[in-house]
Amino acid sequence: AKSTMISLAMYFSLLCHAQKGAIVEAPKLAVKLSIPHFFYFYPSVQVGLEHKLFRNVNLQYDVGWIYNVHTNDSENYQNKKGFRGIAEVRYYLPSPPKIPFYIAGEFYYSRVKFDRSQVIGYECETGDCSYFEYLTYKVENDHQGFGLKYGILLFPGWNRNRSFFFDINGGFAYRTIAYHDVGRPAPVSAQFFSNDSSDFFSPKESDHSEFRLVLGIRMGYSFF
């Protein structure tokens, strides 16, 4: 009986130690790379840094550099460049021992610049223009707003490697969007002829505000 009691005590001791070791906590310091941003209309290399602020609260800074792709596909969007930044406050909720859950509020800002080429007709009062000019000018797109998200951290190798994880979240965001033409002439009685090189996925180019769904998927590496 005595040996049985000792065996049971050792078993429960090992079980408690194993369950304690199985707890996966929110990272105290981690770097991340966003996957969906590579496929945006204005694609970017988006990297983030998350760090602990105090109990259950973390801050995340996310910066992306927009790069140019498909330069020959459209005269409307040439030489894309710019940046986007996201500042985020996270509160980690009481969660299962292996999957941290959180809610987060974010502020978002991006500025994109690109070149646009169009044909402009001059002296078009009668409907027939006297002469035409093919010109290229710059367009700026400012995009800002805030959002509220709910997310989880998934550690696929939690029992062996608690450094690599996926950060997945979704929620709602409010955005204000503005476009500015830089260097586009505005002569009297002129007419701009838009080209048809845009496609179905081209953004709506007008100053407006909107609510939208947001989805984030990031690969992360936790140092602590």
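## Basis of the model

The model is predicted: local features need pLDDT of at least 70, side-chain atom pairs count only at pLDDT 80 or more, and totals for chains, interfaces and linings use all residues. Residues are numbered from 1 along each chain as its sequence is written, and side-chain values use heavy atoms, with hydrogens and water left out.

## Overall fold

The chain has 1 helix and 9 strands. Helices (H or I, at least four residues) and strands (E, at least two) are DSSP runs, numbered from the N terminus. Read from the N terminus, the order of elements is α-β-β-β-β-β-β-β-β-β.

A contact means heavy atoms within 4.5 Å. Among contacts between residues at least 6 apart in sequence, 68% join residues at least 24 apart.

## Surface and burial

Residues are called buried under 20% relative accessible area, exposed over 50%, and partly exposed in between (1.4 Å probe, protein chains only). Of the 224 residues of the chain, 35% count as buried. Accessible areas come from the Shrake-Rupley method with a 1.4 Å probe, and for residues only the protein chains shown count as cover. The accessible surface of the chain is about 13500 Å², and 64% of this belongs to carbon and sulfur atoms.

A nonpolar patch on the surface is formed by Val31, Leu49, Tyr61, Phe164, Met219, Tyr221, Phe223 and Phe224, with about 750 Å² of accessible area together. Patches are made of residues with over 30% relative accessible area and no salt bridge; like charges are joined within 9 Å, and nonpolar side chains (Val, Leu, Ile, Met, Phe, Trp, Tyr) within 5 Å. Tyr221 counts as partly exposed because its relative accessibility is 40%.

## Aromatic residues

The structure holds 13 aromatic pairs. Rings of Phe, Tyr and Trp (its six-membered ring) pair if their centres lie within 6.5 Å; planes under 30 degrees apart count as stacked, over 60 as edge-to-face and the rest as tilted. Phe146 and Tyr174 form a tilted pair, with 5.7 Å from centre to centre and 35° between the planes. Phe146 lies in strand E6 and Tyr174 in strand E7 (residues 164-182), so this pair ties together parts that are 28 residues apart in sequence. Beyond its neighbours within four places in sequence, Phe146 is in contact with Glu106, Phe107, Ala173, Tyr174 and Arg175. The C-alpha atoms of Phe146 and Gly105 are separated by 7.3 Å, although these residues are 41 apart along the chain.

Phe41, Tyr42, Tyr77 and Phe114 form one aromatic cluster. Arg116 lies over the face of Tyr77, at 5.1 Å from the ring centre, and the charged end of Arg90 sits over the ring of Tyr102, 4.0 Å from its centre. A charge sits over a ring if NZ of Lys or CZ of Arg is within 6 Å of the ring centre and within 35 degrees of the ring normal.

## Salt bridges

Side chains of opposite charge can pair when their charged atoms come close. The structure holds 15 salt bridges, each defined as a side-chain nitrogen of Lys or Arg within 4 Å of a carboxyl oxygen of Asp or Glu. In one of them, the closest N and O atoms of Glu50 and Arg90 are 3.6 Å apart. Glu50 lies in strand E2 and Arg90 in strand E4, so the bridge ties together parts that are 40 residues apart in sequence. Both Glu50 and Arg90 are buried.

Another salt bridge joins Lys138 and Asp115, with their closest N and O atoms 3.0 Å apart. Lys138 lies in strand E6 and Asp115 in strand E5, so parts that are 23 residues apart in sequence are tied together. Lys138 is partly exposed, at 40% relative accessible area, whereas Asp115 counts as buried at 12%. Salt bridges that share partners also join Lys32, Glu50, Glu88, Arg90, Glu106, Lys149, Asp167 and Arg175 into one network.

## Backbone at two asparagines

Asn56 has a positive phi of about 65° although it is not a glycine. Asn56 lies in the loop between strand E2 (44-54) and strand E3 (57-66). Asn79, in strand E4 (residues 78-93), also has a positive phi, near 55°.
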